[in-house]
Amino acid sequence: MKIYVPLDSAAKALGADEVAEAIKVEADKRGLDITLIRNGTHGMVWLEPLVEIDNGAGRQAFGPVSVEDVPALLDGKMAGLGKVADIPFFARQTRLTFARCGIIDPLDLADYEAHGGLAGLRSALAMSGPEIIKEVTDSGLRGRGGAGFPTGIKWNTVMEAEADQKYIVCNADEGDSGTFADRMIMEGDPFTLIEGMAIAGIGVGATKGYVYLRSEYPDAIRVMRSAVKVAQQKGLLGADVLGSGKAFDMEIRVGAGAYVCGEETSLLNSMEGKRGEVRFKPPLPALEGFMGRPTVVNNVISLATVPVIFEKGAAHYADFGLGRSRGTMPIQIAGNVKHGGLFETAFGMPLGELVNDVAGGTASGNPVRAVQVGGPLGAYMPVSKFDTPFAYEEFDGQGGLIGHAGIVVFDDSVDMLQMARFAMEFCSVESCGKCTPCRIGSVRGVETIDRIARGDAAAIPLLTDLCDTMTDGSLCALGGLTPYPVMSALTHFPEDFATAKEAAE
C-alpha cells in the first residue's frame, strides 16, 4: 500500500506532518506494510491535508484528513473524494507547468523522469543555441513574474552578448500577497526548475545559474538544495550535462526578506553583497547583470515552464491562450473564497468565472465586492469588470495587470479607502529609498488618504496628482505601480471615499 501525504508548506500548516506521523504509528501498530511518500500538493488548499491511498487500483483521495481520522482512513471507512483528476476544481484545469506537482516524490529523479522529466532537456541538447532561442520565441512564452516581457527576446539578447561568463538567475523572491505558485513548484517539482535553468544556460551560453530564494520559504530552500545535490550526483548538472559535453551548474542563494529584491536589479545587487536597491537602466541585466556579466533573469514559473515547451514543442504550447498571451498561467486564488488554491488554465478565462465558478464565490457567503489581481501593486477590479479575460493586454486595457497571477477576493464588508491606504503604507515600508517619488510619495500618500478619511475632500485631487508623479517618476515597479490599487479603489469605489467625508461631517 502506498500512501501519499503532501510536504507542501500549506499542507504542513494545516497538519500534514502530524497526519503523516499518525499514519506511520497506526500502520506499525497494525503491522501494515505501507510506503509513505511525501509528495507536493495538488493545489486544493481547502482539502489539505489531502491524503491519497493506492492499494494497486490507482490513487484514491481523502481530505481534509485530521489525526483523528487516521484509524478510519486505514480501516477504509472514511468517505473518499475519488481520484484527484475527477475533483471538479482539478478536472477543469490545463496542467502543463504543474503537470507533475502533487503526483511525484519531489526528490526522486527517477520518478521525475518516469513522468516526462528530462525529455525537454534531451531535446534541447540536440539543438544549437539559436535553435533553442527560436523554440522559446515561437512558443510565445512571456515572463510570468509580472512584466510579461517575451522570454525569447531576453534570451536572445544574452546569447548575442560577448562575454567570458554569462549567468542564469532565477528570481524566486515571491513576495506578493496571495501568491504561492513559485513555492509550490519548488517544493513539489524542483527538478523542472533545474531542467528549465539548464536549458536556458545551454541556449544562451551560460555555465552558471543561481536561484535567489526568499528566506521566508524554509521548506522550499531545503527541497531545492537537496534537489540540486541530487542533480549534481546524477549528472543533470555539472561539467557534462547528461553526457552532452556541455556544462551548467547552479546553486541556491537565500535573501533576507526585502520585498524590493523581487525587482531584478535589486536582486542582483543583493546577490553581489550590496544593498538591495534598484539600479538605473540602462544598462540592462541582459548585457550587464550579475557581476557585470550578461544575465538572464527569469522568475520560477517562466523557467519551470521551459521543459514542457521542449518536450511537447513550441506549437503545442502556443496553441493555448488568447491574443499575445500564449500558453497557460497558474492562477493563485486566495482571500475570502470557498475554494482557494492553484488553478492552472489557458489565458482567456473571464475573471468572473474564476471568482464565482472556480473559486465558488466568497467563504462568508456575502456578495463579492472587489478582487485584487496581481499582488499588492495590482488594481482592485469591481464586479462590473468581471467579463475581462485573464490575459496581459486585456487586463491592461481595463487599467489592471495580472502580475504574478495572484487574485485576492473581498466581500462587501471591505473598506476600499483603507485598502488604498494599505497600498501606500506597504510601499512606504518596502521602498528601497533610492528614488524620491517612491520614498517620499508613499509616505505623503498615507497622510493624504488619512486627510480624506477625516473628511477633507480637497485632498482627493492631491492624491490623484501624487499618484501620477509616482507612476511617471519612480525608478521601478514598486513606486510606479502602487497607484494601481490606490486609483482603482478611488475610481471604482468612490462611495467609500465620500462615506469617509460624510462620516467626518
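A cavity is here a set of grid points where a 1.4 Å probe fits but cannot get out. The exercises below concern a predicted model.

**Exercise 1.** Determine how many cavities of 30 Å³ or more the model holds, and describe the lining of the largest cavity.

*Solution.* Applying the rule to this predicted model gives a count of 1 cavity of 30 Å³ or more. The space in the largest cavity comes to about 60 Å³. Its lining is made up of 13 residues, and S431, C432, C435, C438 and C476 are the closest to its centre. Sorted by class, the lining of the largest cavity comprises 8 nonpolar, 4 polar and 1 charged residues.

**Exercise 2.** Check whether the length of helix α11 (residues 218–233) agrees with its number of residues, and find what its buried residues pack against.

*Solution.* The expected span is 1.5 Å times one less than the number of residues, so the 16 residues of α11 should span 22 Å, and this agrees with the 23 Å between its end C-alpha atoms. The buried residues of α11 are D219, A220, I221, V223, M224, A227, V228, V230 and A231. These buried residues pack against the helices α1, α5, α9 and α10 and the strands β6 and β7. Just after α11, G235 takes a positive phi of about 80°.

**Exercise 3.** Identify the residues with the most contacts inside the largest nonpolar core, and trace the contacts of M186.

*Solution.* The largest nonpolar core has 64 residues, and those with the most contacts inside it are W155, M186, I194, V211 and L213. Helix α10 supplies the largest share of this core, 9 residues. Leaving aside residues up to four places away in sequence, M186 touches A172, L193, L213, Y217, A220, V223, M224 and V300. Apart from this core lies another, of 35 residues, among them A370, F426, L463 and A489.

Conventions. Residues are numbered from 1 along each chain as its sequence is written. This is a predicted model: local features need pLDDT of at least 70, side-chain atom pairs count only at pLDDT 80 or more; totals for chains, interfaces and linings use all residues. Side-chain values use heavy atoms; hydrogens and water are left out. On a 1 Å grid over the protein atoms alone, a cavity is a set of points where a 1.4 Å probe fits but cannot get out, and a pocket is an open set with protein on both sides within 12 Å along at least five of seven lines; lining residues have an atom within 4 Å of a point. Grid points are joined across faces, edges and corners, and a volume is the space filled by probe spheres set on the points. Ala, Val, Leu, Ile, Met, Phe, Trp, Tyr, Cys and Pro count as nonpolar, Asp, Glu, Lys and Arg as charged, and the others, Gly among them, as polar. Helices (H or I, at least four residues) and strands (E, at least two) are DSSP runs, numbered from the N terminus. Buried means under 20% relative accessible area, exposed over 50%, partly exposed in between (1.4 Å probe, protein chains only). Contact means heavy atoms within 4.5 Å. A nonpolar core is a set of buried Ala, Val, Leu, Ile, Met, Phe, Trp, Tyr and Cys residues joined through side-chain atoms within 4.5 Å.
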